[in-house]
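Please look over the predicted model below, together with its sequence.

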Amino acid sequence: MELFGVLVPTKEKLIATVTDIRKGKGGLPLYASLLGMVVGFYAIAAIFIQGHAHTINTNNLVPWGLQITTYIYFVLISTGCTFVNFFGYIFFPQQYKPFASRVIFLGIMTAAAAFFSLATEMGRIDRMYNFILSPNPSSPMFWMGVWYTCYFIAIVMEYINIQTNKHSNKVMWGAFFIAVITHSTLGSLLGAVSSRAYFYSALLPIYFLFIAFLTGGALTAIVAAITVRQQKMDAAYHLEPFVKFLRIGLGLALLVGFWRTAIGLAGHVDGSEVFALTAANSIIFGLGVALIVPFLMLRMSQSAGWLAFTGLFIMVTQLKTRNDLVVGGFKVPLFRVYDMPEVVHYTPSVYEILVLVASISLVSVLYIVCEKAGLFEIADSKGVH
Amino acid sequence: MTIKFSRRTFLKAAGAATAGITAATTVPKKFLSWAEEEGQKDLKQIPTFCELCFWNCGLIAKVENKKVVKVDGNPLSLRGRGRLCGRGNAALGALYDPDRLKFPLINIGKRGEPVWKRATWDEALDLIAQKMQGIKQKYGAESMALFSHGTGGAFWKHLLKAYGCSNYTAPSFAQCRGPRDMGFFLTYGADVGSPEYYDFSKSKYIVLLGSHLGENAHNSQVQDIMNGLADGAKLTVVDPRLSNIASKADRWLPIKPASDMALLLAWIRIIIEEGLYDKEYIEKYASGFDELRAAVQQYTPQWAESETTIPSDTIVKVAREMGRNAPHVCVGAGRYSVWYGDDTQRSRAIAILNALLGSWGREGGYFFPAKGGVPEYPGLPPYPPHEDVPKLDAAYPFAALQTTTSIKHASITGLPHPIKGWFIYGCNLMKTLPDKQETIKALQNLDLVVAIDVLPADIIAWADVVLPECTYMERYDNLNIGKFKDLEISLRQPTVEPLWESKPSWMITKELGNKLGLAAYFPWKDGEEYLAKRCEAGGIDFAELKRNGVIVKTDKSAPYITAESPPEFGTPSGKIELYSKQLEEKGFDPVPKYTKHPQPPAGHFRLLFGRASLHTFSRTTNNFMLTDLQKENALWINAKKGKELGLKDGEYVSLVNQDGVMAPGRIKVKLTQRMRDDAVYMYHGFGVHSKGMTRADNQGIADDDLISKYVIDPIMGGTAMRGNFVKIVKGA
Amino acid sequence: MEQFDGKDIMEIMQSDLVRALKKPRKERRWAMAIDLKKCIGCHACTTGCMSENLTPPEIHYRPVKEEEIGEFPNTGMRFLPRPCMQCDSPTCTPVCPVTATYKRDDGIVVIDYKKCIGCRYCIVACPYGARSADAGHYYTGDFHEKTYEVENSGEYGGNFKRKSHWHSPIGNARKCHFCIHRVEKGELTRCTTTCLGGATFFGDINDPQALITKLVSKPNVFKYKEELGTKPMVFYLT
Ligand SMILES: Nc1nc2c(c(=O)[nH]1)N[C@H]1C(S)=C(S)[C@@H](COP(=O)(O)OP(=O)(O)OC[C@H]3O[C@@H](n4cnc5c(=O)[nH]c(N)nc54)[C@H](O)[C@@H]3O)O[C@H]1N2
Ligand SMILES: Nc1nc2c(c(=O)[nH]1)N[C@H]1C(S)=C(S)[C@@H](COP(=O)(O)OP(=O)(O)OC[C@H]3O[C@@H](n4cnc5c(=O)[nH]c(N)nc54)[C@H](O)[C@@H]3O)O[C@H]1N2
Ligand code: SF4
Ligand code: SF4
Ligand code: SF4
Ligand code: SF4
Ligand code: SF4
Ligand SMILES: [Mo]
């Protein structure tokens, strides 16, 4: 199997693109993302060199913060890409096909970006080998590791298939199911935590799947909208599946989000006061701004530009929603003593924010470069002859 | 359940194994694995004693790599019995505080607005010696004064005596225990000691007024009272606030502040009138019973209810309970006793109450301590005779110890004779003495101010020369003698080398003594030799003391009154003086009387204060292990009252007192069910104003900033500080 | 409690401990009892533990919670010290992806400082807030190398010096471990020996003769958050 021209752009095109970029013809988004990558990687280096004490704002009250948010955010997007690919092929084969390689490429990139963030979060990343040497089958996190590996292999295979025009339904179905398993496992990672009423819920694995579909849909919608414009394709025809996906995604997220909040508010167990504490935010922002507003936005127009904007709106609001979910579990200290606050507030450090920037930039730089180097046209062109 | 803690057995349990103190001997060798084998091969265990407060519990430092890595209690110590309190366990936070004073400093700026110059020890001591000589020439040696608190103070006292000065004072008298000591002394001819001679663990009934044990974390005393309670003792706590110990009490009497005397007098009356007193005991040992009886007739329970807000039937019940359990009753004497100005008299009322119950010298009441001590260093030249100057404390006929009060006044007025130089050893006078403006006035009037401290405390800013003492973990110090039922001698010895250029007091005083031409008074080679010689003179095995940290000499005399050992009272009459002729002669009430104290004006609260279990005054407010748990104080306000005022829990407010003094900084509101609604409460020690104390600076509000008014106890010169009223200002 | 009337409780617990250590490890079951009647809220156990385990800022294995009960003047107080409950059915161990934390056969839930990857999942999962993450803070800032903060506490009998963030336990989860480094040497836990109220008891509840067994078999016992099914091995006496 060829590497250049299949998995990565051809050498000539890559060199040409790099030369263009050097000459300043890369376009603003690319340079911005490159800058983001540089500072982001500086931050990541700083985290490893200086250690968490000097770089990270999480603490005993908030053991997980923005890095875990970022991680969850990106893996869910990745899953979403797999879902979009799957449903695209199944329900809208013609309309969807031109985007397939882009979508799966993004799926791989976002999964990689997620691990970037996770790696900076671990206290002792150098000991990750213990996942193999000393596994714990009862840990959702262990299974997440296992399924993740499978998932990664599956989407890479899917990608190769797409790029080599040997699309196989078996692999696609496989990737879909593995994605479902992997990301519901991720949901269980929080959902199974009985000590935190805010997390503890059978809804959470499902919630994660729906959110994955929504955020994956949003990112791919942006990419599709841009592609449609650049390639001067028939926007209405080609974007239809994405609009549908987004609508379904928003609906599903609203459904599960509403019930999680409603059931949470009805709870009287230790820690369920977080639902009440955060009710205004969950209802107004989490359900209203983040889900109902984009739904209405989609009714206003379905032009490529507007769709891209709506997609971006969803991406941004969902990032905050993810953070609210992760941090929300720690709002009320489990054992409040001494000078501990009654309600815990956590603000990520600059380094944590830069890890997020690094992850976003990584995805966008690689995507833009590969796009410019014609990686995603390979499949199409190969399909022609 | 009977709980005894014998030291011998505890020693096994606490795992404190010095060379001499054997670890659990019954433990098979093979269990002595781990720590020793892997990481802590060279772990040495050095016993010494704690100075995070003045209980001075025995502790054991575990030393490795020339660093103290942890501390444990010394099971041999009578003061701690192998336990350390919340503060004592934080020794490393004191030793390794990066904010410590590191070098001698000379102020080249103005007093109170220092510009520091780092000096060598020679420079600093030369300057002090030169100024001291100047003062001596101009005003006489009696124009110097020493304020001290803590074990090392003894060396400074020695230095001053050798120099020819007799003015050594401690805030722990006129700002603390003085009235209590005098109240008991006037009654029994003896005081209650420190550690107090409470026989709590044997008590059947205990009454505490204030005395918030648990927060007041005096180690063995807390253990004793908890053991007593576990053994079935009943407890009544009188306190406007539900203190920790009040939460363990059978009865909590949330008294109206400043009215304790009414309650005490009513109790005395009930106990007399209902015949609950120990007739035989009173007959045998006391004098003035009839006068007492006549004098308390007016103090009926109903009257006391109107003063104290405690229901009269509760007052009666408690009196009967005391009577029923007599003589195994301990009505605590208190410790911090400078409350409202008639404090010696209040303490006398407590003393009288105990006498009526027959608890002095009785099991479960007050025991008689072991006698004895350790002689001074042999062969020292006699101190020079004191100059003939008027007595500083003449105004306070029963000031058994020099008061800070009159030193302060003499510094300001020059009367009855001038005071021109202060040595301040281990006292944070800015926070300790009432009325800061007055203290500043005194300081501004001096020719020399020397502070010997371990931290850049608030007082440092007012010193001309700052001498960095090394901490208690790094030095030899004076011997510590504890009078329990047995006599305890404990040793402080260095566990590691002093950090930076800090030095122990024995060394600083010796060097300064040499510069003053007083070398003859400092014949010891070093701290160790000083101690060894004294021990030798006292028949104490110094090597054993070094090894074990503590030597306990069992006392053969009985701790309680028996037929063979009748009590002796050091009063003029040789009896318990229920009626005090001594007081009468000096124009004071021979039997305590009730005085009404001012109550807060509308919109104000009485400002009360006390101890945080995790801190000792400002002494520990920079200790990182302790600030990690508690870094600021809070303003306790009755929850209902607070809500009426629209206050929220955790909100920050400022405070202004009756004189319009606004305390710098802000304090967190704590709405609580544990307070009456006419007073607010805060922990003393916080609200430090010193940039150098990076953790303590500006955390919370200082009670001392709001104590602009104080009432002097005319009997012994104590300064009562609980008569200040504050208003809460929102929006800090 | 007549059965130990007149005897020194420390001595009893000490001999109980020695007896337990003579048995094979898996036959022991360490437990703690905390008598809330006797806890006076002095926090000595908190700082004693800090000193024993050389814990860094904000990590306290045994904090003491103060709770007010009732309304003035009928106010009560409860002091609730909280070590790790050493749950028989812990929620922290099943979630550890690398089995770095696990329940030993004597019931103590330990953390393997050589294995832990610092994912903090166990911290999220413990319902008692008994676990902390050691991010590598020092109390003494730049001065830390000259202090005890880089020395070995002897925790778990190992040689762990917090010299940098690549030195465990920095980067790891931490918690109370019933002072096994002391216990296995025949010493009671530090919070037991320093407790001013004499409220803390320790021993092997598999031993019917042990004081702890007698204490916890009384009706006045409760376990904290027992409803979660964690089966705590810390018993509160009321
Ligand atoms: N942890 C810790 N322990 C310490 C110290 C420390 O700094 N920290 N300092 C030590 C020293 S030097 C001393 S002197 C002692 C002091 O400790 P104590 O002698 O116990 O002090 P008190 O003033 O008796 O106690 C303060 C209590 O008195 C109550 N109180 C206030 N006003 C009144 C009143 O009018 N009537 C009555 N009945 N009660 C009132 C307060 O609400 C508070 O609960 O503590 C010693 N122990
Ligand atoms: N407003 C108000 N005033 C009070 C009280 C109160 O509750 N409120 N309490 C009163 C009572 S009870 C007392 S006993 C007095 C106590 O008041 P002080 O006698 O002043 O005692 P501390 O506050 O303990 O003094 C602490 C000083 O000693 C220093 N120090 C600590 N260790 C050492 C050492 O080893 N060597 C040297 N040289 N210095 C050391 C500290 O850094 C600090 O500056 O205060 C009284 N004044
Ligand atoms: S009571 Fe606490 S602070 Fe005071 S000497 Fe003892 S251990 Fe130290
Ligand atoms: S208390 Fe928490 S950390 Fe301890 S064993 Fe139970 S679940 Fe685990
Ligand atoms: S932090 Fe360590 S002990 Fe806790 S779950 Fe992660 S790897 Fe296991
Ligand atoms: S058993 Fe040891 S580790 Fe646990 S709280 Fe007590 S002192 Fe700390
Ligand atoms: S040491 Fe004992 S009495 Fe003090 S807080 Fe801890 S458990 Fe309670
Ligand atoms: Mo005091």
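**Backbone geometry and ligand shell**

In chain C, Pro73(C) sits in the loop that runs between strand S2 (64-69) and strand S3 (76-81), where strands (E, at least two residues) and helices (H or I, at least four) are DSSP runs numbered from the N terminus. This is a predicted model, in which local features need pLDDT of at least 70 and side-chain atom pairs count only at pLDDT 80 or more, while totals for chains, interfaces and linings use all residues. Residues are numbered from 1 along each chain as written, chains are lettered from A and ligands numbered from 1 in the order written, and side-chain values use heavy atoms, without hydrogens and water.

Cis peptide bonds
- The bond from Phe72(C) to Pro73(C) is cis, with omega near 0 degrees.
- The bond from Leu415(B) to Pro416(B) is cis, with omega near -5 degrees, and Pro416(B) is placed in the loop between helix H14 (404-413) and strand S13 (421-425) of chain B.

Positive phi
- Ser211(B), a residue other than glycine, has a positive phi near 40 degrees and belongs to the loop between strand S8 (205-209) and helix H7 (219-230) of chain B.
- Phe617(B), also not a glycine, has a positive phi near 40 degrees and lies in the loop between strand S20 (605-610) and helix H21 (624-627) of chain B.

Ligand 1
- An oxygen atom of ligand 1 is 2.8 Å from a side-chain N or O atom of His212(B).
- An oxygen atom of ligand 1 lies 3.3 Å from a polar backbone atom of Arg335(B).

Terms used:
A polar contact is a pair of N or O atoms within 3.5 Å; within protein, one must be able to donate a hydrogen and the other to accept it, and residues adjacent in sequence count only if both atoms are side-chain atoms.
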